[in-house]
Amino acid sequence: HITDEIKSRIRLAAKGRLPKAIFELRKVLPAQAIPTPHTAMALDFLSLLLRQQGAPAPDLERVDKQRIAHLQQLAHTADGPTTKAHYFMRLAAAHVEKGSPADVTLAKANWQKVVAIGKDAGAENLKLARTNLRSRAGRR
């Protein structure tokens with residue numbers, strides 16, 4: 001089961017075995033993997049681990065591109081406004097982590113999508129999106 005495989009890779013990272021965890025996560029995430037909640041979660045963790053390890057920029061860019069593509073697909077096919085808002089929030093986080101001015105603009109666009117959903121986005125998603133928009137007002 002893919003969820004169990006991902007959890008075992010995350011446990012490796014928790015034990016301080018980052019290179020092994022990264023290697024193992026890559027094995028369950030081929031470039032042509034179909035977006036699922038599990039692959040998106042694995043890509044979130046892979047991106048985090050690569051950043052912690054100080055991976056080369058091209059490697060990180062490749063993983064971030066796949067991560068964002070998976071999250072976009074899941075956001076657009078999500079059942080229900082709360083789930084859709086959840087994926088928009090994760091997309092915003094992925095863009096913020098990339099950090100370029102263009103990515104910050106994309107993060108803001110995703111937070112605005114959550115705000116546009118309104119109360120159906122879920123109280124926590126809505127509050128966090130509004131807070132992030134306010135805190136980044138005037139910043140690129």
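Of the 140 residues of the protein, 42% count as buried (under 20% relative accessible area, with a 1.4 Å probe and protein chains only; exposed is over 50%, partly exposed in between). This is a predicted model: local features need pLDDT of at least 70, side-chain atom pairs count only at pLDDT 80 or more, and totals for chains, interfaces and linings use all residues. Residues are numbered from 1 along each chain as its sequence is written, and side-chain values use heavy atoms, with hydrogens and water left out.

**Overall fold**
- The protein has 7 helices and 0 strands. Helices are DSSP runs of H or I with at least four residues, strands are runs of E with at least two, and numbering starts at the N terminus.
- The order from the N terminus is α-α-α-α-α-α-α.
- Of the contacts with a separation of 6 or more, 53% join residues 24 or more positions apart. Contact means heavy atoms within 4.5 Å.

**Helix 6 against helix 7**
- Helix 6 (residues 101–117) and helix 7 (residues 123–135) pack at about 140°, with axes 9 Å apart. The axes are lines fitted to C-alpha atoms over the stretch in contact, and angles run from 0 to 180 degrees between N-to-C directions.
- Helix 6 is therefore oblique to helix 7. Under 35 degrees counts as roughly parallel, over 145 as roughly antiparallel, 65 to 115 as roughly perpendicular, and the rest as oblique.
- Helix 6 brings Lys108, Trp111, Gln112, Val114 and Val115 to the contact. Helix 7 meets them with Asn125, Leu126, Ala129, Arg130, Asn132 and Leu133.
- The residues of this contact divide into 6 nonpolar, 3 polar and 2 charged. Ala, Val, Leu, Ile, Met, Phe, Trp, Tyr, Cys and Pro count as nonpolar, Asp, Glu, Lys and Arg as charged, and the others, Gly among them, as polar.

**Nonpolar core**
- The largest nonpolar core has 18 residues. Such a core is a set of buried Ala, Val, Leu, Ile, Met, Phe, Trp, Tyr and Cys residues joined through side-chain atoms within 4.5 Å.
- Leu71, Tyr87, Leu91, Trp111 and Val114 touch the most other members.
- Helix 4 (57–77), helix 5 (81–98) and helix 6 each supply at least two residues of this core. Helix 5 gives the most, with 7 residues.

**Trp111 and Arg136**
- Beyond four places in sequence, Trp111 contacts Met89, Ala92, Val96, Ala129, Asn132, Leu133 and Arg136.
- Arg136 lies in the segment after helix 7. Arg136 counts as buried because its relative accessibility is 19%.
- Not counting residues up to four places away, Arg136 touches Val96, Val104, Lys108 and Trp111.
- The C-alpha atoms of Arg136 and Lys108 are separated by 8.2 Å.
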